Amino acid sequence: MNLLASDITALFLTLQLAAVTTVILMAIGAPLAWWLSRSTSRFASVIEATVALPLILPPTVIGFYLLIAFSPDNFLGSSWLTLTGQPLAFTFSGLVVGSVIYSLPFVVQPLQSGFQHFDHKLLEAAETMGAGTLDRFLNLIIPLTRRAFATAALLGFAHTMGEFGVVLMIGGNIPGETQVLSIALYDHVEALDYGRAHWLAGGLLVFSFALLILLYGFNRHKKSGAKQL
Amino acid sequence: MPKMWISSVLNVGRTASNSLGHLLRLKLLVIAVLFITVPFTTVIFCHSVLSDTLSIATASNFRPVLEQLSQTFSEQQNADRESHQINISSASSGVIYAQILQGAPFQLFFSANESYPEKLVASGHGDAKTLATYAIGELVLVSRHDATSPKEASPKELLLKAKRIAIANPRTAPYGIAAMEAIKTLGVAKESQSKLVVGNNIAQAWQFFHSGNADVAIVAASLAYLAESAAVKEQQGLDTIDLSSFLTSPVRQSRVAIKPISPLTQQFLDFMNTPVAEKIITDGGYLLPIKGKNITP
């Protein structure tokens with residue numbers, strides 16, 4: 001009993017999904033978290049609650065609604081089909097959409113908390129010295145909140161790796177397209193193929209643990225580094 | 001130990017008290033206590049009142065029929081002043097088979113094939129005397145007809161034209177295996193391979209089709225029947241084509257009782273042989289096996 005070609009495919013597919021999702025999430029999450037950390041409007045609480053919803057909603061709720069939204073009879077599904085010529089359900093793109101929603105709070109919340117601790121007087125000072133918006137973002141905000149960025153990216157990646165319920169409901173279990181590691185593992189268990197299930201389960205456990213050690217080790221290192229300053 | 005969490009909850013309350021009123025805090029506490037205690041008391045209550053429970057595991061295709069069977073059975077029993085509860089769990093047959101091997105607390109298993117119940121008898125979990133074929137299922141191809149696909153299209157044409165074909169997982173679901181066999185017999189295995197979307201069981205395959213994400217599905221007739229019954233069929237333009245002729249043998253569904261057999265289990269099995277029960281099964285889109293031809297392992 002060892003890893004077969006389909007399991008290797010599932011591994012690469014999962015890494016690809018996590019990577020693409022993380023890149024998109026960082027691009028959406030950073031401005032969103034910045035706005036949430038600054039805004040005092042009531043509307044911001046509504047957005048904040050929306051972002052946090054995937055934390056408490058069962059993945060089956062997200063999966064059920066997504067599948068309905070993906071249908072070519074509905075707005076999202078039909079516009080996507082017109083734009084790309086591909087349907088959303090049972091495709092890699094569909095999984096990316098699901099993962100972005102599902103992992104959004106894991107990226108936005110660390111960033112938001114990082115931005116809240118950021119001293120905004122520094123920005124004003126930089127502005128008076130003639131630093132442009134991009135300059136301030138790249139050379140002031142990112143370096144000073146890099147711990148938040150690293151935490152957000154790692155958590156977003158790890159959480160997408162561990163996604164199961166949403167993919168189960170919108171994926172259709174297609175090797176090389178939507179059959180990620182957690183689904184392949186579930187499939188092996190259901191078919192009583194415990195040997196292959198052990199390989200995947202053990203691998204995921206070790207990988208997730210290593211990722212978290214990296215994350216916490218990084219944070220601890222930074223904390224002690226900050227104290228010395 | 002309990003003091004620790006109480007103080008931490010109160011601490012959270014104190015920090016929140018800046019924004020929350022005193023009354024609101026009290027309300028939240030009451031709600032929290034209710035949330036924690038209600039589920040426990042309800043579970044205890046249910047168990048004490050309804051002690052006689054029959055847990056049935058069924059292949060997903062038979063679930064709608066089994067729900068009617070259990071309702072009719074309960075109505076008859078309640079007339080005799082006997083209180084009991086029937087719990088129905090559904091999954092693909094292979095999944096239930098694995099669960100029973102691992103000691104899942106089911107008393108009856110309605111499979112979508114003959115081999116899983118036979119294997120359970122062989123492994124000592126199932127009772128050989130209760131092994132019987134209870135229904136013969138039909139495999140159908142469900143599609144929607146619109147302007148571009150004429151109503152008279154053949155199964156082969158429909159499969160070739162489809163972008164997504166929903167089936168149940170052939171690794172665990174007998175109807176998934178049957179669907180693969182039909183696809184092969186139709187000679188479109190190669191063309192269909194990349195279009196297959198695999199549901200966890202036949203109910204999920206149906207959901208993939210029903211939500212509009214798959215244009216055709218190969219499922220049990222009993223599921224397709226659900227939509228066919230009403231004017232819904234006409235409204236949605238649903239077509240069902242019988243695929244039985246593309247299978248070497250019909251889908252024979254067997255059941256077995258898991259040892260030890262309780263009186264309630266035996267009563268339910270006896271009820272299954274009554275004309276009332278048989279009518280529910282045939283109304284649900286199944287054929288009945290010829291009586292007295294029970295299978296023996």
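A word on the numbers. This is a predicted model, where local features need pLDDT of at least 70 and side-chain atom pairs count only at pLDDT 80 or more, while totals for chains, interfaces and linings use all residues. Residues are numbered from 1 along each chain as its sequence is written, chains are lettered from A and ligands numbered from 1 in the order in which they are written, and side-chain values use heavy atoms, with hydrogens and water left out.

Back to Asp283(B). Its side chain meets that of Lys279(B) in a salt bridge, 2.7 Å from N to O. A salt bridge here is a side-chain nitrogen of Lys or Arg within 4 Å of a carboxyl oxygen of Asp or Glu. Both residues sit in helix α13 (residues 275-283) of chain B, 4 residues apart, about one turn of the helix. Helices are DSSP runs of H or I with at least four residues, strands are runs of E with at least two, and both are numbered from the N terminus.

Over all chains there are 9 salt bridges. Arg252(B) and Glu114(B) form one of them, at 2.8 Å, N to O. This pair links distant parts of the chain, 138 residues apart: Arg252(B) is in strand β10 (residues 251-257), and Glu114(B) is in the loop between β3 (108-110) and α5 (115-122) of chain B. Arg252(B) is partly exposed at 27%, and Glu114(B) is partly exposed at 22%.

In chain A, Arg136(A) pairs with Glu127(A), with the closest N and O atoms 3.9 Å apart. Arg136(A) is buried at 16%, whereas Glu127(A) is partly exposed at 47%.

Now the interface. Chain B contributes 20 residues to the contact and chain A contributes 23, contact meaning heavy atoms within 4.5 Å. About 1800 Å² is buried between the two chains, with carbon and sulfur atoms giving 50%; that is the accessible area, with a 1.4 Å probe, that two parts lose on being put together, summed over both. Arg164(B), Arg171(B) and Asn213(B) supply 32% of the area that chain B buries against chain A, more than any other three residues.

The count of salt bridges between the chains is 2. In one of the salt bridges of this structure, Arg171(B) meets Asp193(A), the closest N and O atoms being 3.9 Å apart. On the side of chain B that touches chain A, α4 (93-101), β7 (196-199) and α9 (202-210) are the elements giving two or more residues. Of these, α4(B) gives the most, with 4 residues.

Last, the core. The largest nonpolar core has 107 residues, and those with the most contacts inside it include Leu111(A), Phe62(B) and Phe268(B). Such a core is a set of buried Ala, Val, Leu, Ile, Met, Phe, Trp, Tyr and Cys residues joined through side-chain atoms within 4.5 Å. Helix α5 (residues 92-116) of chain A gives the most to this core, with 10 residues. Domain 2 (50-136 + 250-283) and domain 3 (139-246) of chain B both give residues to this core, so it lies between them; the domain bounds come from an automatic or database domain assignment.

Methods: Buried < 20%, exposed > 50% of the residue type's maximum accessible area, 1.4 Å probe, protein only.
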